[in-house]
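I opened my notebook to look around a new protein model.

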Amino acid sequence: MHAADLQRPPAGALYVDHVSHFVADLDAAAGVFEALGFRVTPASAQRTPEGPVGASNRCVMLEAGYIELLSPTHDTPAAGRMRALMARYDGVHLVCFGTPDAQGEHARLAAHGFSPQPLVDLQRETSSGTVRFKVVRPAPEAMPEGRIQFVEQLTPELIWQAADVNPFRLGEVYVAAAEPAAAAARWAEFSALLPRAAAGTVRLDADRGAIVFGPPVEGIAAPGIVGYSLACRRPEALAARCAQLGIAVRRVGARRVARLPAALGGYLVFG
């Protein structure tokens with residue numbers, strides 16, 4: 001089965017679809033991933049039917065989910081909000097849940113007091129065709145950790161091209177908060193997932209992927225998104241490439257943790 005066939009959740013399910021590094025220089029950020037052995041897609045500008053959003057991306061497509069590199073490119077309100085988040089710390093500022101029903105999520109968020117913005121129809125041009133997706137965002141103040149949203153992928157076959165897919169799977173996303181249990185409870189209401197305590201943290205397990213809440217971490221302003229984990233078949237090869245780039249890697253149990261350089265920011269856990 002092709003990776004694209006696995007990206008749209010079935011009815012009633014929820015995936016962790018992607019995370020986004022907000023970056024000042026798309027090519028510099030992509031260059032770090034390429035030096036680590038990842039394939040990165042070409043730049044693509046996001047649009048709504050009304051015109052440009054003011055941001056462009058490059059993506060690291062995975063067997064499950066993807067990592068987005070997103071950069072503000074124009075002086076638009078959306079780009080201004082991105083720059084404000086980037087000023088807080090270098091790293092990940094967006095977590096997106098994948099849903100089969102964006103309209104239903106929008107209605108649920110409204111009913112639970114998250115004051116969602118109007119449902120957004122987004123698109124971007126790629127060499128494969130026009131990628132289309134629907135995005136649901138709450139009021140910015142409702143989720144202070146960053147841009148937390150839902151996406152309904154309408155054309156997964158156009159972005160999960162076989163030649164672009166890297167042999168990794170997006171796993172956990174790590175969130176730092178002064179009161180992790182309270183943050184997890186709010187995210188639980190946002191996502192309709194059940195929180196559970198686990199080894200000094202609080203987890204929300206989706207049908208694919210998870211969100212893990214813990215205390216503040218060095219270099220990441222709390223509340224904020226610390227980083228994410230990737231499941232891979234050859235962690236020792238990635239660790240060796242990190243060492244070649246001067247990226248320190250430490251062992252934590254069976255997995256490894258790397259603090260990514262400033263061109264990306266944030267922490268990568270792999271194993």
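**Ground rules**

I am working with a predicted model, where local features need pLDDT of at least 70, side-chain atom pairs count only at pLDDT 80 or more, and totals for chains, interfaces and linings use all residues. Residues are numbered from 1 along each chain as its sequence is written, and side-chain values use heavy atoms, with hydrogens and water left out.

**Entry 1: the cores**

I looked up the nonpolar cores, meaning sets of buried Ala, Val, Leu, Ile, Met, Phe, Trp, Tyr and Cys residues joined through side-chain atoms within 4.5 Å. Here buried is under 20% relative accessible area, exposed is over 50% and partly exposed lies in between (1.4 Å probe, protein chains only). The largest core holds 65 residues, and those with the most contacts inside it include Phe-33, Phe-97 and Trp-187. Strand E9 (residues 166–176) gives this core its largest share, six residues. I noted that helices (H or I, at least four residues) and strands (E, at least two) are DSSP runs numbered from the N terminus. Another core, of 25 residues, lies apart from the largest one, and Tyr-66, Leu-70, Ala-78 and Val-151 are among its members.

Next I searched for cavities and pockets on a 1 Å grid over the protein atoms alone. A cavity is a set of points where a 1.4 Å probe fits but cannot get out; a pocket is an open set with protein on both sides within 12 Å along at least five of seven lines; lining residues have an atom within 4 Å of a point. Grid points are joined across faces, edges and corners, and a volume is the space filled by probe spheres set on the points.

How many cavities of 30 Å³ or more are there? I found one. The largest cavity has a volume of about 140 Å³. Its lining has 18 residues, with His-18, Gln-46, Tyr-66, Glu-68 and Phe-133 closest to the centre. Strand E8 (147–153) supplies the largest share of that lining, four residues. By type, the lining of the largest cavity has nine nonpolar, five polar and four charged residues.

**Entry 2: His-18**

I then checked His-18, which sits in strand E1 (residues 15–22). Is His-18 buried or exposed? His-18 counts as buried because its relative accessibility is 4%. Its side chain makes a polar contact with the side chain of Tyr-66 at 3.3 Å. A polar contact is a pair of N or O atoms within 3.5 Å; within protein, one must be able to donate a hydrogen and the other to accept it, and residues adjacent in sequence count only if both atoms are side-chain atoms. Leaving aside neighbours within four places in sequence, His-18 is in contact (heavy atoms within 4.5 Å) with residues including Tyr-66, Glu-68 and Val-151.

**Entry 3: the largest pocket and Val-226**

The largest pocket has a volume of about 360 Å³. Of its 17 lining residues, Tyr-174, Val-226, Arg-250, Val-257 and Val-269 lie nearest the centre. E9 gives the most to this lining, with four residues. The lining of the largest pocket divides into 12 nonpolar, two polar and three charged residues.

I followed Val-226 to strand E13 (residues 224–232). Val-226 counts as buried because its relative accessibility is 8%. Beyond four places in sequence, its contacts include Tyr-174 and Tyr-267.

Helix H2 (77–86) gives the largest share of the lining, three residues.

H2 also holds Met-82, which is buried, at 1% relative accessibility. Setting aside neighbours within four places, Met-82 touches Arg-147 and Leu-70, among others.

Most residues other than glycine have a negative phi, and most peptide bonds are trans. I found a cis peptide bond joining Ala-222 and Pro-223, with omega about 0°. Pro-223 lies in the loop between E12 and E13. Ser-115 has a positive phi of about 45° and is partly exposed, at 48%. Ala-199 has a positive phi of about 50° and counts as exposed, at 86% relative accessibility.

Key
Ala, Val, Leu, Ile, Met, Phe, Trp, Tyr, Cys and Pro count as nonpolar, Asp, Glu, Lys and Arg as charged, and the others, Gly among them, as polar.
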